[in-house]
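This report describes a two-chain model together with its ligand. The sequence and structure come first.

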Amino acid sequence: METTTQSKAAIKGGEFLIRETLSHEVFIPEEFNEEQKMIMQQCKDFLVKEIYPRLDDIDSMKDPKLMPSLMDKAGELGLLGTSVPQELGGFGMDFNTSMLVAEVIGGGHSFAVALSAHTGIGTLPILYYGNEEQKKKYIPKLATGEWKAAYCLTEPDSGSDANSGKTKAVLSADGKHYVINGQKMWITNGGFADIYIVFAKIDNDKNLSAFIVEKSFGGVTMNEEEKKMGIKGSSTRQIFFNDCKVPVENLLSERENGFKIAVNILNVGRIKLGVAAVGGSKMALSTAIKYSNERKQFGVAISSFGAIKHKIAEAATRIFASESAHYRASQNIDDAYNAFVAGGMDSAKARLKALEEFAIECAILKVHGSEVLDFTVDEGVQIYGGMGFSAEGPMDRAYRDARINRIFEGTNEINRLLTIDMLLKRAMKGSLDLMNPAMAVQKELMSIPDFGATEEEGLFVKEKKALANLKKAGLMVAGAAIQKFMMKLSDEQEILMNLADMLIEGYVAESTLLRVEKLIGQRGEKACEIQKEMALIYLHTAIERAASAGKSAITSFAEGDEQRLMLMGLKRFTKVESYNLKEARRKVANHAIEKGEYAF
Amino acid sequence: MKILVCISHVPDTTSKINFTDNNTKFDGNGVQFIIGPYDDYALARAIEIKEANAGTTVTVLNVGPADTEPTIRKALAIGADDAVRVNAEPTDSFFVAKQIAEHAKSIGYDLILMGRESIDFNGGVVHGIVGELLGMPSLSPVMKLELDGTKAKLAREIEGGKELLEVNLPFVAGCQEPIAEWKIPNMRGIMSARTKPLQVVEPVVVDSGVSLQKFELPPAKGAVKMVSADNVAELVTLLKNEAKVL
Ligand SMILES: Cc1cc2nc3c(=O)[nH]c(=O)nc-3n(C[C@H](O)[C@H](O)[C@H](O)COP(=O)(O)OP(=O)(O)OC[C@H]3O[C@@H](n4cnc5c(N)ncnc54)[C@H](O)[C@@H]3O)c2cc1C
């Protein structure tokens, strides 16, 4: 037992690329305990009782008090305080449990956005960076929902380039206040928030600072609600700060530390967004599966058609895969946190350090979760046919609401760039040894291929080899690209996107395989037949997608013999024994169709 | 005041029902179990009464094997103070009622609430038998329950209308909506459920004289035959000869 915890705590972020993870090292959602399952049910019941009957009213925004009153109800149930320590009025739950809440509430459309902005980017800056007085003053009220929070980073001219904002803070003559002037845009919960986390530059600083601004300080005005494509019930405002006087004690952390706060808080935001998208996907797919069982054409339910089964199975598999990766990472974050705390670190700092350690995974998951959701709602519309295009059917809202997830909390382009950027930075700093594994791959490339002489049999032996090879393919392409472009690699965004795709696919495929391996260890192979098919489907398709990304990259920067050698290497590293994916998908789809929902 | 709420542990309403062992056993594999929805209303009303009357305690009771404990803890999370599990398969209504009555006798409750029926066997008679065994009035389905000193004012659904009653405590009630709004447990409740007392007692021996022979699923629905609206003659022939309902 001792050694397991030790090895778990020692897992480093990004390390999955160069280290073989063992199935006993990952947490799987099947291991949630009774209390966590009760919390999951609590969140589902909350959606059924309070949110689903009001989706149209929420989106119409006719009653501006509706959303805050629903937040109050969530607060009464304790849903706003899961991550807040007990001494500050919350429930001090581990990260994994707060992920579970985010996942289920993720099926809650606009409400999910309001709740996650409040509990995440609204509350966490104070919880993680606030001093004792700030925490005591604000956190208990935020944990119950008495005060609602918004996060003001984006400006009209400062979106992805978040540190470029023009909002200014100037110290007043008596030294008691910062006077803030500027304009913020796209502020979630802006319409009803009592507290704003505002990022601004003090004087002519290079970097942002962060402030806790109460609406009651005065000097805060706003435009009308933005008219949006989706999440129409989520309040989104432009907010103006005109000589807004903020007491000096409301500076959060230190001067010029704001950008770092923004970035670190986004780590949590990203993985939570990803898991909320998983929750939204499960909901949308279940709705589509039900419809496919009810809708008859040519005398039979459309769920009996292979083309529909393919869609159901593919969406289900991606959801299952994404879920596997999310909870693997969130447990890693909890383990790292516990190890830091055991080493004597302060709790808030340990949370941040743990999240920072797994920032690469957080970015990967944001991208993956949001893209699985978009895939699922798109196929959901298709399964509904004409009714999918009706503004009165459930797929309309699901489809429109999904889209924002690829944009906020850092666009998926920015997050793809970040995954590779962070990986290379860690390699350069020496905290992650990419060099030696990359060189080993190069050596292997020059040597005589190993034609699979290992005749080892056993669960996932071949698949694990394929996975290890997939990682080699990534290292090969990355290594060659770095050699080619050196410091100019950042100008080659197309290649970075390809590399990010290879990385994402590798991480998610591995997480899925490990989950199923562990599950089979617990329940036996027969009981996990469907899960096994999903792991295989995901692995095979992930390898295909990664091979295609690798090929795009190689052909864009290598020529002649070098290109030939690398393409051969890519082929070798992405070779898998053929598998009848059609049959596998049918099994997965039939299971879902029989259950009438996403039930894995 | 002491309130007893009896809860059943039943398959979720959306469960697929299957049987095993030659159709003599219910297949609980992959089925999610919940507190019986009518019992949930009874529990919610009991908690409301507790919240409005200081000193009131709510005990939940379930007759069932150990795997019903998560369901019992859910009731504790919702707000019951303690729980009793009678360690036995709830084989039939008389058996269950007898266990409830045995426990209730030993404590002396002012109010015994439960759902109008469980949603697995839908017997709907346990409250009646419990009342009989304890010599108390038993009323069902109760849609409204207001305490008034040592009395309670009830509204009961009856054929074609509503009946308003006044009854002396103690009594037994089979409840249904809208007696209370169903309750979602809050986080504090969920976290404290583990620490609330859950007492396991052995059943009393009952010779109920009922034994289960076999389960049967309702026959599968046949295909629908469409008859065009202006072909009444064909419809009549079909109803006579095929459906044999005329
Ligand atoms: C509904 C909604 C709610 C929001 N809520 C909040 C909130 O509560 N608080 C808050 O502070 N912000 C919020 N935002 C803002 C959101 O985070 C930004 O919209 C997002 O970061 C993108 O910034 P932008 O809109 O300026 O797009 P841009 O930065 O202008 O991006 C436009 C396109 O260019 C791409 N791009 C930009 N830079 C690069 C680059 N270096 N390399 C490659 N591609 C690049 C982007 O990926 C994108 O495809 C919200 C936005 C919306 C729509």
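The text below takes up the domains, the ligand site, the contacts and one hairpin.

This is a predicted model, in which local features need pLDDT of at least 70, side-chain atom pairs count only at pLDDT 80 or more, and totals for chains, interfaces and linings use all residues. Residues are numbered from 1 along each chain as its sequence is written, and chains are lettered from A and ligands numbered from 1 in the order in which they are written.

**Domains and annotated spans**

Chain A is divided into domain 1 (31-149), domain 2 (150-257), domain 3 (259-413) and domain 4 (434-581); these bounds come from an automatic or database domain assignment. Helices (H or I, at least four residues) and strands (E, at least two) are DSSP runs, numbered from the N terminus. The table lists the content of each annotated span and the separation of its end C-alpha atoms.

| Span | Helix | Strand | End C-alpha atoms apart |
|---|---|---|---|
| Chain A, residues 150-244 | 0% helix | 47% strand | 16 Å |
| Chain A, residues 469-572 | 87% helix | 0% strand | 8 Å |
| Chain B, residues 23-210 | 30% helix | 31% strand | 17 Å |

**Ligand site**

The shell around the ligand has 19 residues, and A:L153, A:G159, A:S160, A:W186 and A:T411 come nearest. A residue counts as near if its C-beta atom, placed from the backbone, lies within 6 Å of the molecule or strand in question. Elements that give two or more residues to this shell are β1 (149-152), β3 (177-188) and α15 (412-429) of chain A. The largest share, three residues, comes from β3(A). Because domain 2 (150-257) and domain 3 (259-413) of chain A both give residues to the shell, the ligand lies between them. By class, the shell has ten nonpolar, seven polar and two charged residues. Here Ala, Val, Leu, Ile, Met, Phe, Trp, Tyr, Cys and Pro count as nonpolar, Asp, Glu, Lys and Arg as charged, and the others, Gly among them, as polar.

**Contacts between domains and chains**

The C-alpha centres of domain 3 and domain 4 of chain A lie 23 Å apart. Eleven residues of domain 3 of chain A are in contact with ten residues of domain 4 of chain A, contact meaning that the C-beta atoms of two residues, placed from the backbone, lie within 7 Å. On the domain 3 side, α10 (306-342) and α12 (359-384) of chain A each give two or more residues, and α10(A) has the largest share, with seven. This side holds five nonpolar, four polar and two charged residues.

Between the chains, 14 residues of chain A are in contact with twelve residues of chain B. Helix α2 (residues 34-51) of chain A gives the most to the chain A side, with eight residues. That side divides into five nonpolar, four polar and five charged residues.

**A hairpin in chain B**

Strand β10 (residues 151-158) of chain B pairs with β11(B) in the antiparallel sense over eight bridges; pairing requires at least two bridges found by DSSP. B:K151 stands opposite B:N168 in β11(B). Two residues lie between the strands of this hairpin, where B:G160 takes a positive phi near 75°. Of the eight residues of strand β11 (residues 161-168) of chain B, the number buried is zero, so β11(B) lies largely in the open. A residue is buried if 20 or more other C-beta atoms lie within 10 Å of its own, exposed if 12 or fewer, and partly exposed in between, with C-beta atoms placed from the backbone.
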